[in-house]
Amino acid sequence: MFDNHDARIKYYELLLERELDFIKEYALPDGFHFEFYKVGDRDVWIELEKSAKEFSSYEEGLNAWNRYYYDKEDELLNRMVFVVNNAGEKVATATAFYDSNGKDKSGSGWLHWVCVKREYQGIGLSKPLISHTLNVMKSLGYTHAKIPTQTTTWLAVKLYLDLGFLPVPENAITSRNGWCIIKTLTDHKRLHDFEYVSEAEITGDDHE
């Protein structure tokens with residue numbers, strides 16, 4: 001009933017975390033391989049994120065790029081990962097980064113902008129991409145990972161839970177209603193401490 005990126009769902013910011021002591025690896029399907037970012041890949045990244053409905057326009061994507069990665073292009077050379085098909089097309093991406101806002105003082109790595117091109121979703125790219133990027137993060141010396149996301153991308157949240165992430169305790173309090181929405185949409189076993197909510201609460205039509 002809800003798309004994997006659905007603006008009808010009431011928006012809450014969510015934050016998940018996990019240790020990087022053991023990362024289960026998943027193999028890419030045949031015909032795909034990983035590559036790191038190369039200088040000039042900015043617009044490819046923007047178009048990928050647009051395809052996955054993260055941005056509605058090139059300008060919006062450029063603003064996000066400048067906010068997170070402006071003057072950090074050298075760092076992306078061993079942090080931003082792409083999944084590439086045999087034709088050389090980049091079809092998915094994720095970045096082993098850090099909190100570029102400087103608010104998180106924990107030293108955690110931050111998994112940034114996980115995205116699979118719309119027409120390549122559902123063929124088994126996401127888990128290999130995330131596990132590979134987490135291993136990149138681990139190789140950079142991080143021992144703990146966080147990932148910021150939101151209720152509107154609820155299927156991605158389910159995937160992160162499947163891969164061992166849990167709600168950050170503080171966020172579980174401040175965005176409890178959001179986590180209850182995720183619990184209702186996914187019935188995920190890791191969210192046993194949260195309650196189910198009504199469809200009206202999911203869409204915000206309860207006028208709370």
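Which helix does Y69 lie in? Y69 sits in helix 2, residues 58-69. Here are my notes, starting with the ground rules.

1. **What we're looking at.** This is a predicted model, where local features need pLDDT of at least 70 and side-chain atom pairs count only at pLDDT 80 or more, while totals for chains, interfaces and linings use all residues. Residues are numbered from 1 along each chain as its sequence is written, and side-chain values use heavy atoms, with hydrogens and water left out. Helices (H or I, at least four residues) and strands (E, at least two) are DSSP runs, numbered from the N terminus.

2. Two strands pair here if DSSP finds at least two bridges between them. Strand 3 (residues 80-85) and strand 4 (residues 90-97) pair in the antiparallel sense, over 5 bridges. If you want to find that pair by eye, look for V81, which stands opposite A94 in strand 4.

3. Is Y69 buried or exposed? Y69 counts as buried, at 1% relative accessibility. The cut-offs are under 20% relative accessible area for buried, over 50% for exposed, and partly exposed in between (1.4 Å probe, protein chains only). Contact means heavy atoms within 4.5 Å. Leaving aside residues up to four places away in sequence, Y69 touches W45, L76, M80, T95, F97, H112 and W113. T95, in strand 4, is buried too, with a relative accessible area of 0%. Besides Y69, the residues T95 touches include R79, W110, L111 and T133. The C-alpha atoms of Y69 and S100 are 8.4 Å apart, though the two residues are 31 residues apart along the chain.

4. **Helix 1 against helix 2.** Two packed helices are described by the angle between their axes and the distance between the axes. The axes of helix 1 (residues 42-51) and helix 2 come within 9 Å and cross at roughly 120°. That makes the two helices oblique to each other (under 35 degrees is roughly parallel, over 145 roughly antiparallel, 65 to 115 roughly perpendicular, and the rest oblique). Among the residues that meet are W45 and I46 in helix 1, and L62, W65 and Y69 in helix 2.

5. **Two loop residues to check.** Most residues other than glycine have a negative phi. D71 has a positive phi, near 65°, and sits in the loop between helix 2 and helix 3 (73-76). D71 counts as exposed, at 68% relative accessibility. The phi of D187 is also positive, near 55°. D187 is in the loop between helix 7 (176-186) and helix 8 (199-203), and counts as partly exposed at 48% relative accessibility.

Key. Axes fitted to C-alpha atoms, helices over the stretch in contact; angles between N-to-C directions.
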